[in-house]
Amino acid sequence: MKIDWKPGTMINPLPAVLVTCGSVPEEYNIITIAWVGTLCTNPPMCYISVRPERHSYPILKKNMEFVINLTNRDMAFATDWCGVNSGKNLINLRRCSLHPAKRRWYRHLL
């Protein structure tokens, strides 16, 4: 028996990641995102998909940079918490006992 599926976004499993953004402590935020992936390996490029109504969206647009933090079993609570609680009214980093690390800059030479 053949079943035809309507085109859609059904590629699974999608990795849940924690994306951090913000250039100053007052705007630091963390958001759980499942729409993330690789665009190209040479040069290395990846993508995330964030809805405009999300609190992180204007922070991402303003700074044009973000960090994709891969998660593991130990980070399951933080990943879930940041996925259902907005950073707009809560400080997600502190609530999940997460702390920003010193920035490391890498330059990719094309």
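Which residue is the bridge partner of Val36 in β4? The first view below answers this. This is a predicted model, where local features need pLDDT of at least 70, side-chain atom pairs count only at pLDDT 80 or more, and totals for chains, interfaces and linings use all residues. Residues are numbered from 1 along each chain as its sequence is written, and side-chain values use heavy atoms, without hydrogens and water.

**View A. Strands β3 and β4 form a hairpin.** The bridge partner of Val36 is Ile48 in β4. Strand β3 covers residues 36–41 and strand β4 covers residues 44–48. They pair in the antiparallel sense, over five bridges. Two residues lie between the strands. (Two strands pair if DSSP finds at least two bridges between them; strands are DSSP runs of E, at least two residues, and helices are runs of H or I, at least four residues, both numbered from the N terminus.)

**View B. Phe77 and Trp81 form a stacked aromatic pair.** A search of the whole structure finds one aromatic pair. The ring centres of Phe77 and Trp81 are 6.1 Å apart, with 20 degrees between the planes. (Rings of Phe, Tyr and Trp, the last by its six-membered ring, pair if their centres lie within 6.5 Å; planes under 30 degrees apart count as stacked, over 60 as edge-to-face and the rest as tilted.) Both residues sit in helix α2 (residues 76–84), four residues apart, so about one helical turn separates them.

**View C. Cys21 is buried, and Cys46 is partly exposed.** The relative accessible area is 6% for Cys21 and 41% for Cys46. (Buried means under 20%, exposed over 50%, partly exposed in between, with a 1.4 Å probe and protein chains only.)
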